[in-house]
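Reader: Please take a close look at a single part of this model and describe how it is put together. One question about the chain as a whole comes before it.

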Amino acid sequence: MRNIFDHYSQAENQLTHALFTALDNDRNLLGTFVDEICGSAHPKPQDLHLSVQRYPFSNHYDETEIEDRNIPDAWIFDDEGFALVFEAKITAVLTQTQLTGHERVSAKQGFDKTTFFTIVADSSTKVFSSWSELQWSNIYLWLRGKSNRSTWAKHASEYFEILEARMIEQGKLGSAEITAFDGFSPHEDGYSYLVAKSELRKAMKELRKDKDLVEALGMDPTNLGRGAITGKSEQGVWDYLALNGGFDTANFTDFMHLTLGVNFDGVEAMVTVPNGLATKPKNALKSFGLDGFRTICFEILENLRPLLENEPNAIPTMRSFQRRYPSQRSVPFLDAVLEFDLRTAFNTDHPAKHQPQWFDALYDAFANKRSNYQFQIGVVFKHNNCENMKSTNSLKFLATSWIACEPLISAAISSDD
């Protein structure tokens, strides 16, 4: 079914229409937008008029006519000469010629108290002296903050997400940003690959800025992860943060990496020990033997105690896979999967029953592997149980999960050489 905001063909016109439709239908929202976003408080927002893709009080035009007539994207105005004029872009470029033309148009319409705004999706956009700059992503966060009290704010912010996901899928967004990371969706109405992919993209961008990950684990913020996020036919998407292990490795699968998975039922932060782990770190881990490896993982579990106290429904997890790939880009066959709560490996005060054989089997398969085998350790946060995943707090929980695994990463770097 077509979305109520899909009124135009061009993405920037669709987004402008969504925002100003919401403002026009919720006058309280309009008043706070004028005040909090535009800094131009108006005493009677109920008396304000809104015009999108046309002159005030004029006829509607099609998109070609709009461009030919150099009409600003939107207006907020009253009958006393007050006006806010907006020119919105997503990937298109603002020009001084266009903006100067809009200023002349405003004057011809009889407005003598006009403030001009650009709305852009790229912070590197050129700044124009007589125009104030707004960011689509900041407007999105503002709408999200109003969603509990305004149905129209909720509808509009959801459309921001839909449009951004659509543009990412079509390869049209580039480095532009319509939304900002505000937590992971619980997928209560069904898993959406496009939404999960968009959330993964935004979360990874923020996590690459995490100085704690750089200092504690040697995370490489310049490595941009996977070139393409695939998985449309699956129930989850993933990306990785590369680590500087001090080895001369050709690609990220030669050493451990930090994997973020956004799945239909939850979010997970795992340290992945890949099948192609380079010989030196592989031998370093083998040198600890089963007992030494168990000690390392117990230290990780102890490191996770504060996190588990703050998010008691999070699950410290170990997992291993044996895979076969029919072709390079195909979905692999899973010949074997072993996954367990890390607390089962140790005698703890947790209700999980002590079953150390799962842990023993994972390590034995690694130490004596004869197949395409990898294992992971980290934390799984289920959507239904972990409220912290629904906010920006989730990023700190993810980073803390990875940092808790530092003993394993350090063990792989250790060597008797």
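Reader: How far apart are the mean positions of the positive and negative charges of the protein chain? After that, what is the strand order in the open sheet of six strands?

Author: This is a predicted model, in which local features need pLDDT of at least 70 and side-chain atom pairs pLDDT 80 or more, while totals for chains, interfaces and linings use all residues. Residues are numbered from 1 along each chain as its sequence is written, and side-chain values use heavy atoms, without hydrogens and water.

The mean positions of the 41 positive charges (Lys, Arg) and the 56 negative ones (Asp, Glu) lie 4 Å apart, with charges placed at NZ, CZ, CG or CD.

The protein chain has 14 helices and 11 strands (DSSP runs of at least four residues in H or I, and at least two in E). In the open sheet the order is β6-β7-β8-β11-β9-β10, with antiparallel pairing (at least two DSSP bridges per pair). β6 (236-242) and β10 (333-341) are the edge strands; each has a single partner, so one side of each lacks a neighbour in the sheet. On average, neighbouring strands are turned by 25° against each other, direction ignored.

Ala-242 stands opposite His-257 of β7. Helix α13 (residues 393-404) packs on the sheet and touches β6, β7, β8 and β11 (heavy atoms within 4.5 Å). The direction of α13 makes about 25° with that of β8, on a scale from 0 to 180 degrees between N-to-C directions of axes fitted to C-alpha atoms.

Helix α12 (residues 357-367) lies across β8 (266-273), β9 (315-324), β10 and β11 (372-382). Its angle to β10 is about 135°.
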